[in-house]
Amino acid sequence: MFFCLLQLIVDLNIMFLCSAGDWTILPTKEIKTEEGSNVTLQCRLDPRVNLVHHGSFWFRADLSGWIHIYWPRRDDPGPQLLQYRGRTTVDHEDLRKGNLNLHICSVQLSDAGLYKCFVLTLRSSCTINMTVGERERNTQHSETSTGSCDRAEPPLVNN
Ligand SMILES: *[C@@H]1O[C@H](CO)[C@@H](O)[C@H](O)[C@H]1NC(C)=O
Ligand SMILES: *[C@@H]1O[C@H](CO)[C@@H](O)[C@H](O)[C@H]1NC(C)=O
């Protein structure tokens, strides 16, 4: 399964590079954040589509690894890169509204990179380049740099 998914990344990169057609490819966005903060990477399909019934896949193009996988109606943490374990959430209510929003809790310096999300069935993708600034160390931070990521279960989808 994992290797199939890795192959899929490669295939998709080639497909997205070689094809234009009716695909919705949203322009690359830049986002700047700071170490230790919580961040939301936001993409919206235009026109809006209810995405609850479409798989959407977030990966790091610069690492060739999965960050968050959503199969229709469920999240699949299986193939996720270890560094993102327990730190990512996709709100299913956002998906219903057509928003591909990835929440990353307690951002680390190593999270900086090129994030891509694609919705295979809609032949759509978006790319976000995230840069992470170092948190100032001379202030009175007693907590660890990883912070806490209390994971709330995503709300159940009813339709
Ligand atoms: C990030 O979110 C978690 C809960 O998911 C919370 O405990 C933490 O305080 C938040 N951190 C910041 C810097 O807002
Ligand atoms: C991402 O942004 C950084 C900082 O602006 C830049 O140096 C880097 O080249 C960008 N990467 C890509 C792939 O666009």
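These legends describe close-up views of a predicted model.

**View 1. Overview of the chain in the predicted model.**
The chain holds two helices and 10 strands. Read from the N terminus, the order of elements is α-β-β-β-β-β-β-β-α-β-β-β. The chain counts 159 residues, and 22% of them are buried. Take the contacts with a separation of 6 or more: 63% of these link residues 24 or more positions apart.

**View 2**
Strand β4, residues 56-60, pairs with β9. The pairing is antiparallel and runs over four bridges. Within this pair, C117 of β9 stands opposite W58. Strand β10 also joins β9, by seven bridges and in an antiparallel run.

**View 3. The hairpin of β9 and β10.**
Four residues lie between the two strands of this hairpin. Which residue here takes a positive phi? R123 does, with a value near 50°. On the strands themselves, Y115 has I128 in β10 as its bridge partner. Seven bridges join β9 and β10.

**View 4. I128 in strand β10.**
Strand β10 spans residues 124-133, and I128 sits in it. Is I128 buried or exposed? I128 counts as buried because it has 20 C-beta neighbours inside 10 Å, and 20 is the cut-off for that class. Which residues does I128 contact, beyond its neighbours within four places in sequence? They are K29, I31, L41 and Y115. Y115 is also the bridge partner of I128. K29 lies 99 residues from I128 in sequence. In space, their C-alpha atoms are 4.7 Å apart.

**View 5. The open sheet of β3, β8 and β7.**
This sheet has three strands in the order β3-β8-β7, paired antiparallel. Its edge strands are β3 (39-44) and β7 (88-90), and each pairs on one side only. On average, neighbouring strands of the sheet are turned by 15° against each other, direction ignored. In a regular strand, side chains alternate between the two faces of the sheet.

**View 6. The pairing of β7 with β8.**
Strand β8 takes in residues 99-104. How many bridges pair β7 and β8? Three bridges do, in the antiparallel sense.

Technical notes. Residues numbered from 1 in each chain as written. Chains lettered and ligands numbered in written order. Predicted model: local features only at pLDDT ≥ 70, side-chain atom pairs only at ≥ 80, totals over all residues. Buried ≥ 20, exposed ≤ 12 C-beta atoms within 10 Å, placed from the backbone. Contact = placed C-beta atoms within 7 Å. Pairing = 2+ DSSP bridges. Axes fitted to C-alpha atoms, helices over the stretch in contact; angles between N-to-C directions.
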